[in-house]
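Let's take a walk through a protein model together. Have a look at the fold first, and then we will go through it piece by piece.

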Amino acid sequence: MSAKKSFRPKARKPRGFEDRTGDVLRAEQHLISKASQVYDDWGFEPLQTPAFEYAEALGKFLPDEERPNEGVFALEDDDGQWMSLRYDHTAPLARFVAEHYQDLNKPYRRYQAGDVWRNEKPGPGRFRQFVQCDADTVGSASPAADAEMIALAAQVMSAVGLETGDFLVRVNDRRILDGVLETIGAADAERRMRVLRAADKLDRLGRDGVALLLGEGRKDESGDFTEGAGLDAAGIDTVLSFLDAGGGSRGDVIARLEGLVSDSEAGRAGIAALTEIDAVLSAIGVADDRAVFDPSVVRGLGYYTGPVYEAELLATAHYDDGKPIQFGSVGGGGRYDDLVSRFTGQAVPATGFSFGVSRFAAALRALGRGGLGEHRPLVVIVAAEKERSADYLSMARELRASGLRAEAFVGGGNMGKQMKYADRRGAHAAVIVGSNEREEGKVTIKDLKLGARLAANIEDNKQWREDQPAQITVDRGAWVAGVHEVVSRYK
């Protein structure tokens, strides 16, 4: 009888999750580092909340008995309570503030970066686990706090290598549209939500498509019909006038909006907030070419309560075939004054900014901006004599002590395989001390980057062997300086 075949699991990652490797992780870590430095410079404090929260803390994502994983990844603890992997960083922040409210200095200013998880259907570029980076101010109702968040968003964009003209922070106040709806008699909750959803589709459907959704409804290309908000012709024109009010300076936009909401208290409050935000942004040097007022910005339909904003990438990269890559929004935020009150029963004003690290970092890599190839050059010490591994490891230690990134080869294989290894690692230099070099007190240093470029154009192998243009030999006492000289060519 043959032995029972042992089970071997298939090597595969779960659907909707991804492995992030070297260059991707470095780009993301670079972005987080730059953003965190900005937040820290502006007086925000770091916070790290646990990956799990009690499911009830996540509000609308609370599991029920029938679907305990609705929107989140949840499990039942041994005490019978449901815990969920955090969906974002804002709900855990609200729980933290409520739990420690009496002990916190207010306003409480914090930043946090880390993974979040969403139990949703994955798709191209849409993963169930990804990294977000947030900054929030909790405990201030002043529009100045919103203005600071907008300025902070612009500063993060600059800190990662983007210049004026490469990005815009687009700003709106949700209360102004509420005021518009009041003036046309369409402020009921259901109609308001349909108008907001229609406005949110302006970029995708255009003015005519939005007009249909504001009226009787719209049938898409597949034949599916979306019921509209049921506004009459005058109401549709008023909402479209609101959406068309962008363009020009922030002051110009305010002037256009004022005439649309003069009879609405909510609308006037939104106008007052934008006016103060404009004054603060102007005072701290955030001009109209970095932050604009755009009435078409609609975020978090059931979430934000006042100013909202999106950080949009305007810079364009290109695919290999020359077609442009449009990035769009890479982050955003706004005022959310109701979240902490779920725990405390009292209103606690808050405002914040968040960006998706993976999406933003991928866009920056495509643009060749901050983070692409930012890791330090690697030097590989070749194991020319297998019995001298201790010597080679000691040499790698010397290089690291001098500030370089270095490793000694500890695998198997001859010199050729080791050089291929160094090339595949993207090493800038290889260091060789074989028996000849050791006896003569010398060290050979190969410039792998230069060698690869020259090799592409060399046809005469004899000349290559004689000239050795990408290789130098130095005295053992000067070898560290020699490696620094080679590596410095690429800084």
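**Strands, rings and cores**

Begin in strand β20, where Thr473 is the bridge partner of Thr444. The two strands involved, β19 and β20 (residues 471–475), pair in the antiparallel sense over five bridges. Strands count as paired here if DSSP finds at least two bridges between them. Helices (H or I, at least four residues) and strands (E, at least two) are DSSP runs, numbered from the N terminus.

Before going on, a word on where all this comes from: this is a predicted model, with residues numbered from 1 along each chain as its sequence is written. Local features need pLDDT of at least 70, side-chain atom pairs count only at pLDDT 80 or more, totals for chains, interfaces and linings use all residues, and side-chain values use heavy atoms, with hydrogens and water left out.

Strand β19 (residues 442–447) also pairs with strand β18 (residues 429–432), in the antiparallel sense and over four bridges. Here Ala430 stands opposite Lys446 of β19. As a general point, side chains in a regular strand alternate between the two faces of the sheet.

Now find a parallel pair: strand β16 (residues 378–381) and strand β17 (residues 405–408) are joined by four bridges. In this pair, Val380 stands opposite Glu407 in β17. To get from β16 to β17, the chain passes through helix α12 (residues 389–401), and this β-α-β crossover is right-handed. Right-handed means that, with the strands pointing away from the viewer, the path from the first strand over the helix to the second runs clockwise.

How many aromatic pairs does a search of the whole structure find? The search finds seven. Rings of Phe, Tyr and Trp (its six-membered ring) pair if their centres lie within 6.5 Å; planes under 30 degrees apart count as stacked, over 60 as edge-to-face and the rest as tilted. Phe355 and Phe360 make an edge-to-face pair, at 5.5 Å centre to centre and with 85° between the planes. Phe355 counts as buried because its relative accessibility is 1%, and Phe360 is buried with a relative accessible area of 1%. Buried means under 20% relative accessible area, exposed over 50%, and partly exposed in between (1.4 Å probe, protein chains only).

Phe409 and Tyr421 are also edge-to-face, because their ring centres are 5.1 Å apart and their planes stand at 70°. This pair links distant parts of the chain, 12 residues apart: Phe409 is in the loop between β17 and α13 (415–424), and Tyr421 is in helix α13. Is Tyr421 buried or partly exposed? Tyr421 is partly exposed, because its relative accessibility is 27%, while Phe409, at 10%, counts as buried.

Finally, look inside. A nonpolar core is a set of buried Ala, Val, Leu, Ile, Met, Phe, Trp, Tyr and Cys residues joined through side-chain atoms within 4.5 Å. The largest one has 75 residues, and Tyr39, Leu162, Leu214, Leu313, Phe355 and Phe360 touch the most other members. Helix α3 (residues 143–159) gives the most to this core, with nine residues. Apart from it lies another core, of 22 residues, including Ala383, Tyr392, Val443 and Ile445.
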